Amino acid sequence: MKRNCSLSPRQALLVYALLSAATLGIALVFTLRGAWMVLAFALVESAAVGAALYYYARHALDRECLRLADGCLLVQRHDGVHSSELRLDPRHTRVTLADLGMRTLVVLEARGQRAEVGRFLVPAARLELAAQLRQALRPGSLLA
């Protein structure tokens, strides 16, 4: 499951370079004609757009990955530069979804460990994910 993003980090950098070149080019023309304040505002605008695109690019590749193999349910989360990994025992894993609200995530609990997944899914897809996880974990479950 991954974040729905229109631009990859490389494309965001290209958009920023083109936008900044155009903005600073126009500002330079006005500066040469005596309106030096236009350049100051163009620099502030380019810095603000750069900061926003940097944040966007940093989180464009965020994702969650669930793998059920070798007697282990592996939950991987990549958030910006942070990555985490949690191994759950599939025979003791309980799958819950509190309600169908917009912010309700699928909760996986096993032996005191807890993981919330489905951040990038719409509520209907979270409901489907919970059903699929229950089905996949059912054969060896001790929690039936």
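A: A salt bridge here is a side-chain nitrogen of Lys or Arg within 4 Å of a carboxyl oxygen of Asp or Glu. The model is predicted, so local features need pLDDT of at least 70 and side-chain atom pairs pLDDT 80 or more, while totals for chains, interfaces and linings use all residues. Residues are numbered from 1 along each chain as its sequence is written, and side-chain values use heavy atoms, without hydrogens or water.

The structure holds eight salt bridges. One of them joins Arg119 to Glu64, with 3.2 Å between the closest N and O atoms. This pair links distant parts of the chain, 55 residues apart: Glu64 is in strand E1 and Arg119 in the loop between E6 and H3 (helices, H or I, of at least four residues and strands, E, of at least two are DSSP runs numbered from the N terminus). Glu64 is buried at 3% relative accessibility, whereas Arg119 is partly exposed at 28% (buried is under 20%, exposed over 50%, partly exposed in between, with a 1.4 Å probe and protein chains only).

Another salt bridge pairs Arg87 with Glu85, the closest N and O atoms being 3.4 Å apart. Arg87 is exposed, at 51% relative accessibility, and Glu85 is partly exposed, at 47%.

Arg114 and Glu109 also meet through their side chains, at 3.6 Å from N to O. Arg114 has a relative accessible area of 48% and so counts as partly exposed; Glu109, at 32%, counts as partly exposed too. Salt bridges with shared partners also join Glu64, Arg77 and Arg119 into one network.

Arg111 lies in the loop between E5 and E6. Although not a glycine, Arg111 has a positive phi of about 50°, and its relative accessible area of 61% makes it exposed. Asp70, in the loop between strand E1 (63-69) and E2, has a positive phi of about 55° and is not a glycine either. At 81% relative accessibility, Asp70 is exposed.
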